[in-house]
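Me: I've got a model open and want to go through a few local features. Can you help me read it?

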Amino acid sequence: MTELSQRLQALTPEQRKRLSENLRRRDARAAAPATEATAGPALLPDRQSLYFFASADAHEARDYYPLVLEAAALADRAGLHAIWLPERHFVDFGGFSPNPAVLGAAVAATTTRLGIRAGSVAAPLQHPARISEDWALVDNLSGGRVGISFASGWHPDDFVLAREDFADRREVTARTMEQVRAHWRGEAVCYPTTAGGEAEVRIQPRPVQVELPVWLTAAGNPATFESAGRAGYGIMTALLGQTLKGLRENIARYRAAWREAGHAGDGDVVVMVHAHVSDRPDLEEFLRPAMHSYLRSFRSQTTAADQDEEVLLESAYLDFLHGPSLLGTPAKARAVLAELREAGADEVGHLIDFGLPAADVVAALPQLLALSDSKDQDGAEAPQGARI
C-alpha cells in the first residue's frame with residue numbers, strides 16, 4: 001500500500017468529497033481539447049530564466065550550493081536570460097539564501113552571460129548604501145549583469161534585522177529603491193550619523209551599468225502592481241498564490257498604470273513558475289513527495305497544520321500538476337508558456353529547486369532548457385522603458 005493510499009483511507013467523508021471535486025476539475029481540464037496543435041507554433045515569453053527558492057529542509061547546504069552553480073552553468077551555456085536568487089531569514093522556506101549578493105558573486109565567477117538577479121532583496125532589512133555596495137561589487141565581477149527586485153518583507157520575525165518598523169515597510173521600500181538607484185548613478189545620498197549630523201555618501205566600487213535594472217516584487221496584491229507601474233519599475237511575481245486569471249488582471253492593471261504615468265514602453269513582467277519538464281510516465285507519483293513537502297513548508301510560514309492538512313496539500317499539488325505550471329511533459333510546458341505570454345509575461349523564471357534530489361533536478365534540465373526560444377537569448381536589447 002502506497003503512502004498516498006494510506007492517507008486516503010484515513011480521510012473523513014468531507015475530506016474525500018473535497019478531493020473528489022478537485023479530481024473532477026483536473027479530469028475536466030485534461031479532457032479539454034488541445035488547441036495548441038492546430039493553432040500553429042505557440043509564441044513563448046521573450047525571456048526564460050532559472051529561479052531558486054528551496055526549502056532548507058530538502059537538502060544539505062553543502063549539496064545545495066553546488067546544485068545552484070551547476071544549474072547556472074548549464075543555463076549560461078544554453079543561453080537562458082538570467083538566474084534569480086532570493087533573500088530569506090530564519091525559516092526553512094528559502095533559508096539557503098540570507099544574502100543573494102553572496103550567492104550571486106559565486107554565480108558571477110562561474111558564468112559569462114547569465115543575468116544575476118536578486119529575487120528579492122528585502123529592502124527594509126538593510127541599509128540602502130550597503131545594498132548598493134554589495135550589488136555594485138557583483139556587477140563588477142559579472143561585467144554588468146546585475147538586476148534587483150525589491151520586496152517590502154512580510155514576516156514580522158524578519159524585522160529583528162530591520163532599521164524601520166514593520167508597519168512602515170512599504171514606504172521604506174519605495175524610499176530605499178530610489179536611494180539605491182541614486183547610489184548606482186554615482187550620486188551622493190545623505191544619511192543621519194550617530195553624532196547627530198548627516199553624511200554625504202557615495203558608494204564604492206562604482207558599478208559597470210549606468211542604470212540599475214529594478215523590479216518590485218508582488219505576491220498578488222493589485223495595489224502593488226499598480227504602484228510598480230506608476231513608479232516605472234518592472235514587476236516580479238509568481239503563480240504561487242494567484243490564479244492565471246488573477247495574474248492576467250494584475251498585469252493589465254500594471255500596464256495601465258505604467259501608461260497613465262507617461263513612461264515609455266510597456267514595462268516588464270517576470271513570473272516565477274514551478275518547473276520540472278519530463279516525459280516519465282510516473283511523473284505524478286515521482287513529484288508528489290517533493291511538492292507536498294514544499295507546499296507544507298510554504299504554508300507553515302503563515303498557517304498552522306490542521307486536520308485537513310494532507311487533503312489540502314494533495315489538492316494544491318494536483319492543481320499545480322495539471323494547471324498552469326511547468327510540471328509535466330514538454331508539450332504541456334510549451335502550452336503553459338504560451339498562456340503566460342498571452343497573460344502578459346515578458347519573462348518566466350523556472351523554479352526548479354522545490355525539493356527533488358539534486359541529481360534529478362540536473363537530469364531534467366536539458367528538456368527544460370530546450371523549451372527556450374532564441375529571441376532574447378542572443379544578447380538582444382530589452383524593450384525600451386522596461387529597465388531590465
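Me: Where is Pro 205 placed?
Reply: This is a predicted model, where local features need pLDDT of at least 70, side-chain atom pairs count only at pLDDT 80 or more, and totals for chains, interfaces and linings use all residues. Residues are numbered from 1 along each chain as its sequence is written, and side-chain values use heavy atoms, with hydrogens and water left out. Pro 205 sits in the loop between strand E6 (198-201) and strand E7 (214-217); strands are DSSP runs of E, at least two residues, and helices are runs of H or I, at least four, numbered from the N terminus.

Me: And the bond from Gln 204 to Pro 205, cis or trans?
Reply: Cis, with omega about 0°. The peptide bond from Gly 119 to Ser 120 is also cis, omega near 25°, and Ser 120 lies in strand E3 (residues 115-122).

Me: Switching to helices. At what angle do the axes of H4 and H5 cross?
Reply: Roughly 10°, and the axes of H4 (residues 100-110) and H5 (residues 128-142) come within 9 Å. Axes are lines fitted to C-alpha atoms, for helices over the stretch in contact, with angles from 0 to 180 degrees between N-to-C directions. H4 is therefore roughly parallel to H5, a label for angles under 35 degrees.

Me: Which residues of H4 make the contact?
Reply: Pro 100, Ala 101, Gly 104, Ala 105 and Ala 108. On H5, the residues include Trp 135 and Val 138. Contact means heavy atoms within 4.5 Å.

Me: What else does Trp 135 touch?
Reply: Not counting residues up to four places away in sequence, its partners include Ile 116, Arg 117, Val 146 and Trp 184.

Key
Angles under 35 degrees count as roughly parallel, over 145 as roughly antiparallel, 65 to 115 as roughly perpendicular and the rest as oblique.
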